[in-house]
Amino acid sequence: MAKVLVLYYSSYGHIETMAKAIATGVRNADMEADIKRVPETVPEDVAKDAGFKLDQEAPIAKVEDLANYDAIVIGTPTRFGRVSSQMAAFLDQAGGLWAKGAMVGKVGSAFTSTASQHGGQETTLFSVITNLLHFGMIIVGLPYSHKGQATLDEIVGGAPYGSTTIAGSDGSREPSEIELEGARHQGELVARTTARLFD
């Protein structure tokens, strides 16, 4: 059976919550999903002072883990409109896998979180997708089959390039049900695409 890795970095828990929703979507499509996170690179005292969520339950991934999955969904908060340094540092270590072509033909997808509605969600998604394309992966986004991202009834994240959430400038806003549904829908699409390719 094909397997999906939901790989994430989360400072305050928003991406962690979205990662769980992505994995739920994968499992709803009857496919195995593992959730792992990349290592924190911020010193522990600095992370504590900044209020980082340090009690995340997902195990820490190793770069070599990437080769063991048929699909990889990557989640990272935006940092000035691009991928977080923690996720970038992890992916930058995958040169050996890239050189061997170990990622070619796998399914790749991305999701993110920003503080504000216009905080660089799409550019962050593209910074992840660019990495995945260099690995030779087949990209799955979040099409408008997820009707929630077109709503005018409330402010929501979401883009054709991947699911997103808006955390608020103080981080107090949690992912909305529409955003979580988008993440679940994306997970299902990743699973269905992977099944067509690998089952």
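Let me start at the surface, where Ile 138, Leu 197 and Phe 198 form a nonpolar patch with about 240 Å² of accessible area together. A patch here takes residues with over 30% relative accessible area and no salt bridge, joining nonpolar side chains (Val, Leu, Ile, Met, Phe, Trp, Tyr) within 5 Å and like charges within 9 Å, and the areas come from the Shrake-Rupley method with a 1.4 Å probe, where for residues only the protein chains shown count as cover.

Before going on, please keep in mind that this is a predicted model, in which local features need pLDDT of at least 70 and side-chain atom pairs count only at pLDDT 80 or more, while totals for chains, interfaces and linings use all residues. Residues are numbered from 1 along each chain as its sequence is written, and side-chain values use heavy atoms, with hydrogens and water left out.

Phe 198 belongs to helix H6, residues 177-198; helices (H or I, at least four residues) and strands (E, at least two) are DSSP runs, numbered from the N terminus. With a relative accessible area of 35%, Phe 198 is partly exposed, since buried means under 20%, exposed means over 50%, and partly exposed is what lies in between, again with a 1.4 Å probe and protein chains only.

By salt bridge I mean a side-chain nitrogen of Lys or Arg within 4 Å of a carboxyl oxygen of Asp or Glu. Arg 192 counts as partly exposed at 40% relative accessibility, whereas Glu 188, at 17%, counts as buried.

The structure holds nine salt bridges. One of them pairs Lys 20 with Glu 57 at 3.9 Å, N to O, and this pair links distant parts of the chain, with Lys 20 in helix H1 and Glu 57 in the loop between helix H2 (44-49) and strand S3 (71-77), 37 residues apart.

Finally, Tyr 12 is listed by UniProt, in an unreviewed entry, under "binding site", and such annotations may be inferred rather than shown by experiment. Tyr 12 lies in the loop between strand S1 (3-8) and helix H1 (14-28), and is partly exposed at 45% relative accessible area. Leaving aside residues up to four places away in sequence, Tyr 12 touches Ala 50, Gly 51, Phe 52 and Lys 53, contact meaning heavy atoms within 4.5 Å.
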